[in-house]
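I am opening a notebook page on a structure that is new to me. I will write down what I looked up, in the order in which I looked.

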Amino acid sequence: MTTDPQPSDPRRRDFLRQVAAFAAGALLVPPLLDLDAVAAEAGPPTPDARPVLGVATGTDWSALPVTAMAALGGMQAFVKPGSTVVVKPNIGWDRTPEQGANTHPLVVASVVRMCLTAGAKTVRVFDRTCNNRDKCYANSGIRAAVEAIADPRVQLTFPDDRKAIPVRIAQGKLITEWSLYREALECDHYINVPVAKHHGLSRLTLGIKNIMGIMAGNRGSIHQGIHQKLADIYRARPATLTILDATRILLRNGPQGGKLEDVEVRNTVAACADPVAIDAWATGLFGLKPADVGYIASAAEAGLGIMDLDRVRIVQA
Amino acid sequence: MSAGHGSRAIWVRRAVQLGCLALLLWLFRHGASAEPGAGAAWWFRFDPLVQLAALLADRSVQLLAWPALFAVALGLFAGRVFCGWICPLGTLLDLWGRLTGWFRHLAWRDRSASDWARLPRFAILAAVLLAALGGLQLVGLVDPFSLLVRALAAGDPPLRAGADAVSTLALGSAIEPASEAAYAAALPWLAARPGWPALWWLSLALLVTVFALELLGRRGWCRWACPLGALYGLLGRWAPLLRLPSRSCAGCGDCRASCDLGAFAADGRLRRSDCTLCLRCVAGCERDRAHVAIRLPQPSSAPPDLERRRVLIAGAVAAGVPLVAAHLPLAPLGRQTPPIDLLRPPGVGDQDEAFLDRCVRCGACLAACPEGALHSDGLSVGLAGLLAPRLSPRRGACDPGCTRCGDLCPTGAIPRLSVAEKTLHPPGLAVIDRQLCIPYLRDESCLVCEEHCPVAEKAIQRAAGPFSQEVPVVAAERCIGCGWCEKVCPLEGAAGIRLVRLDSLPAEQ
């Protein structure tokens with residue numbers, strides 16, 4: 001099975017205390033959060049444990065995340081009753097669901113519902129958008145899908161740079177400090193819900209790249225040495241769980257696309273606690289190998305997970 | 001109307017004033033959201049001053065201007081009733097005047113009785129209209145709603161930054177759990193226009209000047225300077241709705257003392273062009289003589305309150321300066337060749353001359369741009385372009401799916417285009433600066449511009465570069481001039497890819 005991130009872990013409590021101290025503290029010289037403790041806690045599985053990757057295929061896209069999660073023991077294996085959850089889809093672009101640039105709204109809503117069923121106290125959904133945030137939330141269909149759940153525990157919010165906390169990444173090779181949104185740092189479970197699609201510079205946008213949605217500040221500078229930098233940043237806030245939307249994938253002109261001819265329906269959703277394993281597996285959707293995508297290799301090298309698919313237990317549900 | 005009715009009517013007037021102020025603010029905020037619909041621009045379609053200025057400069061009648069006929073009719077019927085009952089800036093000045101009354105009483109004696117004090121507003125009116133005729137559109141510098149809307153558009157980020165600074169000092173952070181609920185409630189009002197607008201300080205300073213005049217006299221701006229008030233005064237010269245009697249009564253100065261605009265001359269005559277029918281004199285009249293009534297015009301007895309000769313002299317003097325200015329190629333007054341990075345709102349293209357005539361600098365497009373892409377220009381083409389909107393992609397991209405500015409422009413200066421038409425009329429084209437662009441200069445990856453190019457078949461293509469990394473190349477025939485590439489270029493300061501004017505590019509081979 002997978003590592004089980006425990007919100008009651010004493011190091012996690014220390015971390016939350018640090019967050020609170022930061023928030024209340026004098027800000028003339030902002031203290032830096034040292035998150036390596038958290039990274040170690042929620043980080044890679046031990047080398048001999050085989051991570052489980054659940055894969056579901058079918059045309060009922062709302063049901064796919066549930067089926068994929070069943071292979072991992074269900075959402076209740078990850079989300080504890082009374083916990084706070086952040087669900088981080090890709091809502092980066094002012095594009096419609098069928099254009100494949102954002103996570104599909106049915107997948108997002110399904111993940112949120114699973115968290116609620118598992119007993120989450122709050123489920124917060126947000127992404128830092130590239131285009132106008134109102135248009136992205138609306139035209140991606142995600143605002144309507146999340147609001148249709150109509151549960152007071154669910155909050156669809158906008159990230160705000162004023163709510164970001166500078167984080168020290170002591171083991172980072174190229175990035176040793178970055179400001180991340182407080183909601184993603186403070187929550188008990190951070191669930192990454194990327195969409196699989198083409199990306200010009202990094203070849204593919206998958207789970208590890210989706211971390212850019214919790215980054216404040218000038219993200220453009222990530223693109224110089226993007227693969228190592230993504231691995232560095234990912235280390236600062238590893239996801240509890242990654243649920244990858246491949247119901248339809250954008251094959252060309254990513255990451256925002258626009259032409260329906262560039263989109264291919266694959267009716268697939270995968271779930272895994274190992275961020276590297278799921279990204280490595282997803283390269284196959286595009287006919288690529290894990291080593292073809294630089295940040296997967298960088299992340300594996302950084303010890304964030306396993307990219308050798310022979311060492312991953314793939315459960316086709 | 002008796003005194004008792006008068007005081008009740010004053011409360012009605014205040015309610016109407018506050019309602020009109022609320023309407024303008026609502027229009028402003030609604031226009032700033034990404035949803036299509038009304039905006040502050042609608043207000044300007046009812047503004048006879050800016051519509052007249054646009055007509056004079058452009059020498060063409062736009063159907064968009066028809067609501068201004070209502071305003072003209074109102075002026076013909078009731079003179080400056082607009083100033084007393086509707087004008088949102090006047091309402092703000094009334095509120096501000098209440099707060100600062102102690103200062104006015106302390107520091108200044110009332111100069112309202114002087115006839116000469118009236119002249120500046122007629123001179124300003126004549127100057128902007130004659131300048132418009134001469135091709136120099138200055139009306140936005142003095143039109144009250146342009147002053148207000150531009151300041152609202154420019155004042156949002158400074159206000160927010162100030163609120164953040166106070167909050168950071170008081171709470172340790174700009175947003176704290178305690179203020180989270182307040183923040184969430186305020187969010188719809190904070191949503192648009194990221195970043196600080198260019199020349200925000202100028203727009204604020206002009207409005208501050210208006211409020212400073214209030215310290216010199218009640219409704220000081222309206223008495224001395226407002227060209228719109230002057231226009232309504234002229235329209236209402238023979239208006240049938242008027243306050244009677246036409247003088248203050250001998251032996252009683254009550255109406256003179258209560259008049260907000262100091263409309264009574266030293267000899268007791270009521271200057272019609274100053275009366276806003278605010279009803280304060282009616283409410284305060286102890287003998288129930290002052291009242292408002294409809295009287296058909298009797299030209300022979302019309303009070304000679306305009307001092308025709310003085311007005312003509314002042315107008316002639318004021319007209320000379322801008323007329324000369326408009327026709328002399330004197331920097332920075334005349335029109336100069338636009339710099340290659342001076343981009344106009346979508347659809348205007350390189351048609352600067354016609355645009356600068358029709359545009360009244362009202363600021364409605366600045367307020368409506370959801371991306372914060374439109375900004376006030378300074379003197380980059382001379383005085384003729386002062387405060388006209390320019391597209392600054394580095395601050396905000398012109399989003400391909402958005403046609404807000406053209407939909408709302410109250411004078412038609414920004415053409416009304418569909419989303420499809422807009423992509424055929426790019427404000428400029430992207431050009432790569434190989435002396436700045438990262439992968440052209442050193443062995444580092446980037447391609448953020450290619451990533452953000454919203455054209456489905458990317459207008460920025462990847463190509464082999466001088467080092468190991470790919471470089472961006474613009475496919476000019478596909479570029480729609482949205483400026484996303486310039487906006488997102490990760491360089492500090494100037495971008496390595498920039499939009500330039502179409503007329504600055506070499507003609508196609």
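**Entry 1: a histidine in chain B**

I began with B:His375, whose side chain reaches the backbone oxygen of B:Gly372 at 2.8 Å. I note at once that this is a predicted model, and I read each value below as computed from it. I then looked up the place of B:His375 and found it in strand β3 of chain B, which covers residues 374-376. Is B:His375 buried or exposed? It counts as buried, because its relative accessibility is 3% and the cut-off for buried is under 20%. Leaving aside residues up to four places away in sequence, I listed what B:His375 touches, and among them are B:Trp196, B:Pro197, B:Leu366, B:Pro389 and B:Arg395.

**Entry 2: a cysteine in a loop**

Next I turned to B:Cys362, which lies in the loop of chain B between α16 (352-358) and α17 (364-368). B:Cys362 is buried, with a relative accessible area of 6%. Not counting residues up to four places away in sequence, B:Cys362 touches B:Phe44, B:Ser146, B:Val149, B:Arg150 and B:Pro410. I looked up one of these, B:Arg150, in more detail: it is 212 residues from B:Cys362 in sequence, yet the two are 6.6 Å apart in space, C-alpha to C-alpha.

**Entry 3: chain B as a whole**

Among the contacts in chain B with a separation of 6 or more, 75% come from residues 24 or more positions apart.

**Entry 4: salt bridges within the chains**

A search of the whole structure gave me 30 salt bridges over all chains. One of them joins A:Asp127 and A:Lys88, at 2.8 Å from N to O. A:Asp127 sits in the loop between β4 (122-125) and α5 (133-139) of chain A and A:Lys88 in strand β3 (residues 84-89) of chain A, so the pair ties together parts that are 39 residues apart in sequence. Both A:Asp127 and A:Lys88 are buried.

In another salt bridge, A:Asp262 pairs with A:Arg252, and the closest N and O atoms are 3.2 Å apart. Here A:Asp262 is buried at a relative accessible area of 2%, whereas A:Arg252 is partly exposed at 42%.

In chain B I found B:Arg269 in a salt bridge with B:Asp267, with 3.3 Å between the closest N and O atoms. B:Arg269 counts as buried at 12% relative accessibility, while B:Asp267 counts as partly exposed at 46%. I also noted a network of salt bridges that links B:Arg118, B:Arg121, B:Arg271 and B:Asp274.

**Entry 5: where the chains meet**

How many residues does each chain give to the contact? Chain B gives 37 residues and chain A gives 38. Between them the two chains bury about 2,800 Å², 44% of it on carbon and sulfur atoms. The rule finds three salt bridges across this interface, and I looked up the one between A:Lys135 and B:Asp399, whose closest N and O atoms are 3.0 Å apart. On the side of chain B that touches chain A, the elements giving two or more residues are α8 (144-171), α9 (177-190) and α21 (448-452). By class, that side has 19 nonpolar, five polar and 13 charged residues.

Technical notes
Residues are numbered from 1 along each chain as its sequence is written. Chains are lettered from A and ligands numbered from 1 in the order in which they are written. This is a predicted model: local features need pLDDT of at least 70, side-chain atom pairs count only at pLDDT 80 or more; totals for chains, interfaces and linings use all residues. Side-chain values use heavy atoms; hydrogens and water are left out. Contact means heavy atoms within 4.5 Å. Buried area is the accessible area (1.4 Å probe) that two parts lose on being put together, summed over both. A salt bridge is a side-chain nitrogen of Lys or Arg within 4 Å of a carboxyl oxygen of Asp or Glu. Helices (H or I, at least four residues) and strands (E, at least two) are DSSP runs, numbered from the N terminus. Ala, Val, Leu, Ile, Met, Phe, Trp, Tyr, Cys and Pro count as nonpolar, Asp, Glu, Lys and Arg as charged, and the others, Gly among them, as polar. Buried means under 20% relative accessible area, exposed over 50%, partly exposed in between (1.4 Å probe, protein chains only). A polar contact is a pair of N or O atoms within 3.5 Å; within protein, one must be able to donate a hydrogen and the other to accept it, and residues adjacent in sequence count only if both atoms are side-chain atoms.
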